[in-house]
Amino acid sequence: MFDAIVAGGNALIQGASRGIGLEFARQCLAEPRIGHVVATCRSPQDATGLADLAAGHPGRMTVLPLDSTDEASIIAAAAAAARIAPRLHLVVNCAGVLHDAARGMKPEKRLADVRPESLARAFAVNAIGPLLVARHFEPLLAHPQRAVFASLSARVGSIEDNRLGGWYAYRASKAAQNMYTRTLAVEWARSRRNVICVALHPGTTDTDLSRPFQANVPAGKLFGVDYAVAQMLGVIDRLQSADSGQFFAWDGERIPW
Ligand SMILES: NC(=O)c1ccc[n+]([C@@H]2O[C@H](COP(=O)([O-])OP(=O)(O)OC[C@H]3O[C@@H](n4cnc5c(N)ncnc54)[C@H](OP(=O)(O)O)[C@@H]3O)[C@@H](O)[C@H]2O)c1
């Protein structure tokens, strides 16, 4: 694993307080080829899992505040990260939202469930957030070594794959995120040729995000975070420049847009 990542390379895990992001931070720290791990989350003071990880790896991880809907916090985190890890070799955007009881947000079953507030929130976190992370962390990717910029998307964001309907906000925000990923890959193929920019689908994974819907998941199809992240790190490791601008599932299968 990590053969393609330059020895001593640095990783940024955005949205690392829990779920898949926390596991990305854990597995990056377990990999000796990774130099420093910058983990960001909305409320570091509440992120006990990250605090435990940092305590177990003194000097190898920094936790920074970053709310992906607050551009000022992204700018501040990028400035702080630049002082700690001026070159990044892996960026993984994990922050995402499907439901949020505090905001009355739940996946829509039908048109009558659509709420503008939920649409806007899904777009802010799932689509605009990763693009603003690219915008403000780009200087840390401006180096000659291989780097991967990956955003956690979801198969339900594939327009071609949409046969079930529903989940208007989540589906459309992930489709928008996919378009941003593709557009960024086109630009970086010209201006940042060292960076491979992809969307990743983790498979249905046992986290707070999927928990209300796990009853519908066929037996054996619900991944633990450890398996999903190990699979995605394998995909990341095998990426070639020609793969930039594509959408990959956990098993390396290309998903249609
Ligand atoms: N689990 C699955 O089955 C599945 C399937 C397909 C795709 N995905 C995608 O995988 C990614 C990770 O999902 P997960 O399953 O790990 O979900 P999760 O356990 O619900 O975690 C979501 C993460 O996003 C963070 N977050 C939410 N809003 C944020 C914001 N405004 N700024 C910064 N961080 C924010 C949360 O931080 P707080 O702790 O501060 O709330 C949390 O760390 C998401 O993009 C999701 O769409 C997951």
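Start by selecting Pro130, which sits in helix α4, residues 116–137. Keep in mind as you click around that this is a predicted model. Is Pro130 buried or exposed? Pro130 counts as buried, because 29 C-beta neighbours lie inside 10 Å and the cut-off for that label is 20 or more.

Now show what Pro130 touches. Leaving aside residues up to four places away in sequence, the contacts are Asn93, Ser151, Gln177 and Tyr180.

Switch to cartoon view and colour the strands. As a reminder, strands of a sheet pair through backbone hydrogen bonds, either parallel or antiparallel.

For a close-up, select residues 90–93 and 147–152. These are β4 and β5, paired in the parallel sense over four bridges. Within this pair, find Leu90, which stands opposite Val148 in β5.

**Then the ligand**

Which residues are closest to the ligand? Select Gly19, Ala95, Gly96, Thr207 and Leu209: these are the closest of the 27 residues that surround the ligand. Helix α1, residues 19–29, gives the most to this shell, with three residues. Colour the shell by residue type and you will see 10 nonpolar, 13 polar and four charged residues.

**Zoom out**

Finally, show the whole protein chain. It has six helices and seven strands, and along the sequence they follow the pattern β-α-β-α-β-α-β-α-β-α-β-α-β. The C-alpha trace spans about 50 × 40 × 40 Å along its principal axes. How does the radius of gyration fit a compact globule, and what is its value? The protein chain has 17 Å, which agrees with the value near 18 Å that a compact globule of 257 residues would have.

Two last figures describe the chain as a whole. Of the 257 residues, 43% count as buried. Among contacts with a separation of 6 or more, 71% come from residues 24 or more positions apart.

Key:
Residues numbered from 1 in each chain as written. Predicted model: local features only at pLDDT ≥ 70, side-chain atom pairs only at ≥ 80, totals over all residues. Near = placed C-beta within 6 Å. Helix = DSSP H or I, 4+ residues; strand = E, 2+ residues; numbered from the N terminus. Nonpolar A, V, L, I, M, F, W, Y, C, P; charged D, E, K, R; others polar. Pairing = 2+ DSSP bridges. Rg over C-alpha atoms; globule rule 2.2 N^0.38 Å. Buried ≥ 20, exposed ≤ 12 C-beta atoms within 10 Å, placed from the backbone. Contact = placed C-beta atoms within 7 Å.
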